[in-house]
Amino acid sequence: MDYEVGDIVKLKKQHPCGSKEWRILRVGADFRLECMGCSHQIMIPRKQVEKNTRGLRKEGAGL
């Protein structure tokens, strides 16, 4: 998959707030993701994001 800043990725497990969707803020060896439900930010290895991705929406045009 081709990940870009601003895209919305749906992961396998949900965040404690209940959301499964995360906005990509940084792409590289590690990703910075922001929860779409509560705006919590995390850094996560690329390999883990690629393994747990269940969907990807391209929405990076506005950033």
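The structure is a predicted model, where local features need pLDDT of at least 70, side-chain atom pairs count only at pLDDT 80 or more, and totals for chains, interfaces and linings use all residues. Residues are numbered from 1 along each chain as its sequence is written, and side-chain values use heavy atoms, with hydrogens and water left out.

**Exercise 1. Describe the aromatic pair.**

Step 1. Recall the rule. Rings of Phe, Tyr and Trp (its six-membered ring) pair if their centres lie within 6.5 Å; planes under 30 degrees apart are stacked, over 60 edge-to-face, and the rest tilted.

Step 2. Count. There is one aromatic pair. Tyr 3 and Phe 31 form it, with centres 5.3 Å apart and 80° between the planes, so the pair is edge-to-face.

Step 3. Elements are DSSP runs numbered from the N terminus: helices (H or I) have at least four residues, strands (E) at least two. Tyr 3 lies in the segment before strand E1 (8-11) and Phe 31 in strand E3 (residues 30-35), so the pair ties together parts 28 residues apart in sequence.

Step 4. Check burial. Tyr 3 is buried at 8%, and Phe 31 is buried at 0%.

**Exercise 2. Examine the salt bridges.**

Step 1. Recall the rule. A side-chain nitrogen of Lys or Arg must lie within 4 Å of a carboxyl oxygen of Asp or Glu. The structure has four such bridges.

Step 2. Take Asp 7 and Lys 58. Their closest N and O atoms are 3.1 Å apart. Asp 7 lies before E1 and Lys 58 after strand E5 (53-57), so the bridge ties together parts 51 residues apart in sequence. Asp 7 is buried at 0%.

Step 3. Take Glu 50 and Arg 46. The N to O distance is 3.3 Å. Both lie in helix H1, four residues apart, about one turn of the helix.

Methods. Buried < 20%, exposed > 50% of the residue type's maximum accessible area, 1.4 Å probe, protein only.
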